[in-house]
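This briefing walks through selected features of the structure shown below, grouped by topic. Please read it alongside the sequence and the coordinates.

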Amino acid sequence: MIYEGKQKIWSEYQKEIPDDHYFYVRSCIRQSFFPASEATFLEITRNRLGKDIFETEHHTTCGGIAYHSDAIPQETAMTIIARQFGLMHKYGYENYVCSCITSFGLYCETLETWRQFPELAAKIADILWKTCKLEFAKPRFIVHASDLIYHYRNEIAAMARHRLVNVHTGEPLKVVEHIGCHYSKMFPSKGVGGAEYPYVLAGMIEAWGGQVVDYPERRHCCGFGFRQYFIKANRGYSLSNTYKKFESMEPYHPDMIITNCPGCPYFMDRWQYVIAEETGKTYGENGHGIPVFTYEEVAGLVLGYDPWDLGLQTHQIGPEPVLDKMGIKYDPSRKYLGLKGKDLGMPVCPGCIK
Amino acid sequence: MKNNVLIAGAGPAGLEASAALQRLGYNVILIERSETIGGHLARWDRLFPDGESASAALDSLIEGIWGVKCFTDTEITSANRLGKSFNVILSNGIIVHADAVLMTTGFDLFEASKKEEYGYGIYDHVITNADLEAFFRNGSDPRINNPSRIGFVHCVGSRDEKAGCRSCSKVCCATAVKQACEMRQAFPNSQVYCFYMDLRLFGRHYEDMYLSAQRDYGVRFIRGRVAEVSENLDGSLMIKAEDTVASAPLKVSLDLLVLMAGMRPSVSGARIGSLLGLQSEDDGYFRVMDGILDAQRSTVPGLFLAGAATGPKTLPETLADARAAAVEIDKYLSVTFPEAKDFKQLMRKGW
Amino acid sequence: MVDFGFGIVPSSRINLDLFDRAKFEALATLEPDVRKCMACGSCTAVCTAGTFKATSLRAAIEEIQNGREKKALEMISGCQLCGKCFMTCPRGINTRHLILSIVKIYGEEK
């Protein structure tokens with residue numbers, strides 16, 4: 001692998017990411033999948049970096065989950081999105097940051113559709129005013145929350161309490177980065193580093209001391225897809241794609257996986273259990289799986305937040321091997337305590353995987 | 001007086017046209033922007049379909065231009081109409097009063113790194129057709145390390161609208177088949193795969209070459225475009241394609257992947273073209289007066305075109321096109337500058 | 001084992017790394033014409049057995065080269081050796097001898 005060749009491509013796909021003043025929208029599902037990730041994003045950007053990240057309780061889903069499940073037509077999704085943009089405009093913002101990759105892709109798709117079909121944009125503007133009395137507006141900049149953490153990666157590195165380095169050996173941790181398909185596959189120029197060799201997560205890994213693993217099925221979809229998990233009979237499709245990825249990354253012995261999509265970390269985490277149940281195979285060391293994290297969780301670990309405050313106890317695959325390697329102290333007895341020490345109860349742990 | 005003919009580009013077309021026009025008694029000024037003449041031919045090793053030596057072919061082309069004023073490292077800096085002629089200022093300070101200009105500006109090789117999914121410049125063992133010819137000439141390339149599994153990807157930068165290249169580059173299929181056989185000669189134990197969309201082997205002896213590649217060299221032809229390339233842990237490549245004949249996706253590990261970079265309109269040719277007021281078509285190649293009956297004349301009087309400047313051509317086609325352009329230029333000058341006619345007849349009687 | 005109601009689906013992808021080159025070379029030694037097929041499909045179009053059962057020498061050659069030998073044998077198992085494919089093949093492949101050679105090389109394990 002020729003690193004300079006990748007650098008050349010990365011330099012060709014640099015999108016403009018404003019430094020401050022964002023209107024923030026959450027994901028539908030991330031708060032239940034990874035309960036502390038979005039809170040950590042706000043904590044880091046607002047309190048540690050002093051940025052103005054505005055959030056309103058009036059924002060809703062972007063409609064992507066229904067749009068991609070064929071439950072609503074594109075016009076409906078566009079109107080929901082126009083309402084989100086209208087709220088942004090109402091509160092005086094022009095930079096838009098979203099937590100979800102599906103949303104990010106849909107926002108890009110919508111803006112491109114409006115650009116190509118201005119008459120459709122006019123129609124949506126009309127519907128928006130009639131239904132919500134909100135003014136139609138487009139964001140000046142639209143970024144994904146991982147773009148923003150990427151943008152701040154060096155500032156985070158400067159404040160780091162821990163690095164993506166094995167404190168026992170001094171070796172960098174081997175990190176698999178997995179990018180949500182709708183981040184840049186639809187619009188390569190909208191993603192940091194493009195679609196074939198995205199840099200958004202690789203840049204964080206490098207800045208925080210880790211080593212990026214580039215394995216043959218790196219670009220492959222995790223298999224998530226709304227229709228693949230809504231219908232039980234289709235879940236084998238999702239599972240098989242994840243299985244293909246793990247088989248491909250296995251020879252590299254990755255220490256951890258970082259993702260920037262709502263679905264990918266969830267399924268790459270949970271399917272490891274199903275694969276272990278079905279095949280008896282685990283991909284980490286000593287019967288462990290490979291821990292999977294969101295980029296906010298990793299940023300939180302790097303900045304020294306307590307693993308249990310970051311919600312890592314909700315992962316299927318225990319994060320302990322990575323915490324041990326990074327030299328992060330944690331209290332095992334607090335693992336299943338929630339906010340303010342609330343007892344979450346012990347989950348049933350499977351015997352086939354840790 | 002002798003008519004001046006300026007020829008831009010000293011590749012095969014420029015050389016052949018120079019020789020022909022010189023012989024017809026014109027004062028030929030041949031300019032070349034790079035340091036050496038010969039164009040892409042100077043970097044090639046052997047030629048399809050019969051494996052002739054490229055350097056021997058180039059040598060005999062160069063022999064033909066004896067007496068032609070040839071300037072290398074020279075570009076056109078400006079050009080103006082001056083009556084029926086052109087006033088052309090060259091980068092070396094010389095001003096040419098040209099009665100006719102022939103554009104033999106050729107083509108650029110498609111930049112293979114633009115097809116990011118193939119990883120040219122990123123993966124250790126991905127090369128282009130031009131790199132492979134250089135290997136055949138020099139005998140060494142660190143990316144070619146006694147490969148036992150070799151793949152050729154046809155149509156890289158051809159028939160690819162997303163890469164901005166709709167047209168077929170015409171010569172890559174034959175080149176790939178030639179190079180596939182040459183690789184089997186160089187590495188007798190290797191297994192060679194050619195990934196193609198359509199095999200366009202239209203010329204005389206080409207089908208023989210294809211049959212020989214299958215029968216004598218055991219080259220496996222797989223109908224399907226390579227869609228993605230990645231690198232395995234051991235540095236070998238993993239290729240994804242569909243075998244469209246078998247209707248199934250396919251993967252294979254390879255030690256070397258050769259990208260058949262296609263022909264693109266010459267960027268520096270386009271620059272000169274805009275100085276001279278030449279028109280291009282949507283595909284980027286220069287427009288000719290009539291694609292069938294008048295394929296060497298441009299839409300500007302006194303401006304002529306030959307070779308790959310008007311679209312992908314094989315070497316023999318390029319040479320024939322250059323000779324045709326010489327005849328067209330002679331016809332044009334004889335009519336436009338009748339006073340020069342007597343001199344020419346005098347010249348020709350002297351042969 | 002837990003029954004999830006779904007499971008890992010085996011890959012249907014052709015893996016050329018599984019292609020047995022030595023075996024194919026043995027076939028090509030026996031009948032060199034196997035290399036000459038250009039997948040025109042004439043043999044399949046005129047196949048008598050093909051009317052009743054999926055039969056295709058073209059596909060059999062393809063499957064062998066894709067490392068799917070079982071499928072290849074299936075594609076010629078209905079052959080009645082009538083010789084129509086030999087008549088029609090534009091490359092003059094000795095189809096009869098090729099079919100018998102394929103069975104000889106790849107059918108032994110049965």
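Chain B and chain A bury about 1500 Å² between them, and carbon and sulfur atoms account for 49% of that area. The model is a predicted one, and every value given here is computed from it. The points below take up the interfaces, then chain C, and then selected elements of chains A and B.

**Interfaces**

- On the chain B side of the interface with chain A, the residues that lose the most area are E116(B), I122(B) and L233(B), which together make up 43% of what that side buries.
- In terms of contacts, 16 residues of chain B meet 17 residues of chain A.
- Between chain C and chain B the buried area is about 1900 Å², with 47% of it coming from carbon and sulfur atoms.

**Chain C as a whole**

- Chain C contains six helices and one strand, and, read from the N terminus, its elements follow the order β-α-α-α-α-α-α.
- Along the principal axes, the C-alpha atoms of chain C fill a box of roughly 55 × 35 × 25 Å, and 47% of the chain's 110 residues count as buried.
- Among the contacts in chain C with a separation of 6 or more, 63% are made by residues 24 or more positions apart.
- The accessible surface of chain C is about 5900 Å², and carbon and sulfur atoms hold 57% of it.

**Helix α7 of chain A**

- Helix α7(A) covers residues 118-132, and its 15 residues, at 1.5 Å a residue, should span 21 Å, which agrees with the 21 Å between its end C-alpha atoms.
- The buried residues of this helix are L120(A), A121(A), I124(A) and L128(A); because they cover an arc of only 100° around the axis, they lie on the same side of α7(A).
- An α-helix has 3.6 residues a turn, so residues three or four places apart point the same way.
- The face of α7(A) turned away from its buried side carries the exposed residues E119(A) and K130(A), whereas the cover over its buried residues includes α5 (74-90) and α6 (101-116) of chain A.
- Just after α7(A), K133(A) adopts a positive phi of about 55°.

**Y96 of chain A**

- Y96(A) belongs to strand β3 of chain A, residues 95-98, and it counts as buried because its relative accessibility is 0%, where the cut-off for buried is under 20%.
- Leaving aside residues up to four places away in sequence, Y96(A) touches a set of residues that includes Y22(A), F23(A), V25(A), M88(A), P139(A) and F141(A).
- F85(A), also in that set, is 11 residues from Y96(A) in sequence, with 8.1 Å between their C-alpha atoms.
- The side chains of Y96(A) and Y107(A) make a polar contact at 2.8 Å.

**Helix α3 of chain B**

- In helix α3(B), residues 129-138, the buried residues are N129(B), D131(B), L132(B), E133(B), F135(B) and F136(B).
- Among the elements that cover these buried residues are β12 (149-156), α4 (172-186) and β18 (256-261) of chain B.
- Just after α3(B), G139(B) takes a positive phi of about 80°.

Terms used:
Residues are numbered from 1 along each chain as its sequence is written. Chains are lettered from A and ligands numbered from 1 in the order in which they are written. This is a predicted model: local features need pLDDT of at least 70, side-chain atom pairs count only at pLDDT 80 or more; totals for chains, interfaces and linings use all residues. Side-chain values use heavy atoms; hydrogens and water are left out. Helices (H or I, at least four residues) and strands (E, at least two) are DSSP runs, numbered from the N terminus. Buried means under 20% relative accessible area, exposed over 50%, partly exposed in between (1.4 Å probe, protein chains only). Contact means heavy atoms within 4.5 Å. A polar contact is a pair of N or O atoms within 3.5 Å; within protein, one must be able to donate a hydrogen and the other to accept it, and residues adjacent in sequence count only if both atoms are side-chain atoms. The expected span of a helix is 1.5 Å times one less than its number of residues. The arc is that of the directions from the helix axis to the C-beta atoms. Accessible areas come from the Shrake-Rupley method with a 1.4 Å probe; for residues, only the protein chains shown count as cover. Buried area is the accessible area (1.4 Å probe) that two parts lose on being put together, summed over both.
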